[in-house]
Amino acid sequence: MAGAPATDEALRTTPLDSEHRRLGARMVAFAGYSMPVQYREGIVAEHRHTREAAGLFDVSHMGQAFLIGPDHETVAAALEALTPGDFRGLAHGRQRYTLLLNESGGIVDDLMVTRPVSAADDGRLMLVVNASRKKVDYNHIRARLPSNVRLREADDRALIALQGPKAAEVLARRAPDALALGFMRAAPMKLDGIDCHISRSGYTGEDGFEISVPAEKAVEIWRALAAEPEVMPVGLGARDSLRLEAGLCLYGHDIDETTSPVEAALNFALSKRRLAEGGFPGYERIARELAAGPSRLRVGLRVLGKVPAREGTPIEEPGRGRIGTVTSGGFGPTVGAPIAMGYVAREQARPGAPVDLIVRDKPQPAVVAELPFVAHRYARSGRN
Amino acid sequence: MTTRFTRDHEWIRPEDGPYAAVGITDYAQSQLGDIVFVELPEPGKQLDKGDEAAVVESVKAASEVYAPASGEVVEVNGALADDPALVNQSAESGGWFFKLRLTKPAELDLLMDEHAYHEYLETLREA
């Protein structure tokens, strides 16, 4: 994920770029954007603060878009043609994680989908996709929509995440309705009198919120939240270490067009109804892998020493041979040790199985570990 | 003879006799961010000037550290195993990496002194 220092004039900026520079952020190029990798405190401090209090993230580089059609059934059906999820049955105000699949059962992107709170707004689904895949996703979707459904890109909106055990308490001071949201629920509401769309979800494993606002209001909302004593701005460096500890995939690293949801251990994204009915891209491969087991499986890896094992590191069965490859790796500040995720041959994917990670030509002992490394602490329920 | 500096942001400080301590500069540690592990050479290892001598792991990436001069590794900083953050806190003193018995002490004359190194940093900051 580390990028080159962002000096290229052709990089895009988010509406919060001036705030990051004012806060002394170190900027890097990421997915064509100039983004903060860290602020003055550094990655470890920002990571720890998010798990102890509240971290504030600019994620405006991600792609926000709307699928729009005559009614919910039509739009949901259009999305179901591209994914293995249940969208006809997605309730009002609910958010769901899903995967865009290709015909080989590989993953084009992972994304969040939200249905409006009220029936009056039905006929729309809001999508949030990865920044690095925006263009690919929009082209992929548009090429496969029926004539009465269209995709509208919402690139006039910013996205700000507030994550951590204090996030709810902080957000409630300015958006009291946020407390009524349970995990994976979303609604329009006012924050300091400004119209936002807020979901209770995120990419850290902690309780938290993602706040979608018109771009021209982003600075005002960022400054309001950043001024709260419990809140620290957090860059992409800590965003990566937080999601790695939470066992969450990063597209282009842990999942890509060659990995199926079964190989990626994302079976929870496969709707029972859709599996029974069939008819989504890659169904044959996915059904076969569910029945017979995939040939490889995404696992966690806990390094026993202190040497980080990064993407591309070979995984070996001790004394034998290659069984897989690391797809994400680094240092987990909450775990206090190096951690990684990767794919190994299914037979080796047993928690506790010893492996060697070959770092700079030397075998570093590790064990296959269950994910997440740090337990998720999502909200159990909203106030209502 | 005072501390000398390389363009790769290593420092080398002569001590009594043919010995010198080596580390990375404060500028280097601030560029790397939080350091989580330092891989040090084995005592007894023979290094030529410019050889890869150590590896510094930050949260995001690994970076090589090169020998500023030729010599034999005689001592390594054991404190870094338990506290790699010492390099961030004290890069140019307590966060030293290893000590060499220099085989070609004249190599140090070709390196920047502190004034020249700070001038060099200015050119990097202007870039």
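## Exercises on a predicted two-chain model

The secondary structure of chain A comprises 9 helices and 19 strands, where helices (H or I, at least four residues) and strands (E, at least two) are DSSP runs numbered from the N terminus. The model is predicted, so that local features need pLDDT of at least 70 and side-chain atom pairs count only at pLDDT 80 or more, while totals for chains, interfaces and linings use all residues. Residues are numbered from 1 along each chain as its sequence is written, and chains are lettered from A and ligands numbered from 1 in the order in which they are written.

**Exercise 1.** Work out how the radius of gyration of chain A stands against the value for a compact globule.

*Solution.* Begin with the rule, which is 2.2 Å times the number of residues to the power 0.38, with the radius taken over C-alpha atoms. For 384 residues this puts a compact globule near 21 Å, and because chain A has 21 Å, the two agree. Next, take the box along the principal axes, which for the C-alpha atoms of chain A is roughly 65 × 50 × 45 Å. Finally, consider burial: 51% of the 384 residues in chain A are buried, a residue being buried if 20 or more other C-beta atoms lie within 10 Å of its own, exposed if 12 or fewer, and partly exposed in between, with C-beta atoms placed from the backbone.

**Exercise 2.** Describe helix α2 of chain A and what its buried residues pack against.

*Solution.* First count the covered positions: 7 of the 10 residues of α2(A) are buried, and among them are A:I43, A:E46 and A:R51. Then look for their partners, which are β2 (33–38), β3 (54–58), β9 (157–163), β13 (231–233) and α7 of chain A. Contact here requires that the C-beta atoms of two residues, placed from the backbone, lie within 7 Å.

**Exercise 3.** Find where A:A31 and B:H9 lie, and decide for each whether the residue counts as buried or partly exposed.

*Solution.* As background, most residues other than glycine have a negative phi, and most peptide bonds are trans. A:A31 has a positive phi of about 50° although it is not a glycine, and it lies in the loop between β1 (26–30) and β2 of chain A. Because A:A31 has 19 C-beta neighbours inside 10 Å, it counts as partly exposed. B:H9, also not a glycine, has a positive phi of about 70° and lies in the loop between β1 (4–5) and β2 (10–14) of chain B. Because B:H9 has 23 C-beta neighbours inside 10 Å, it counts as buried. As for the peptide bonds, a cis bond joins A:L371 and A:P372, with omega about 0°, and A:P372 is placed in the segment after β19 (362–369) of chain A.
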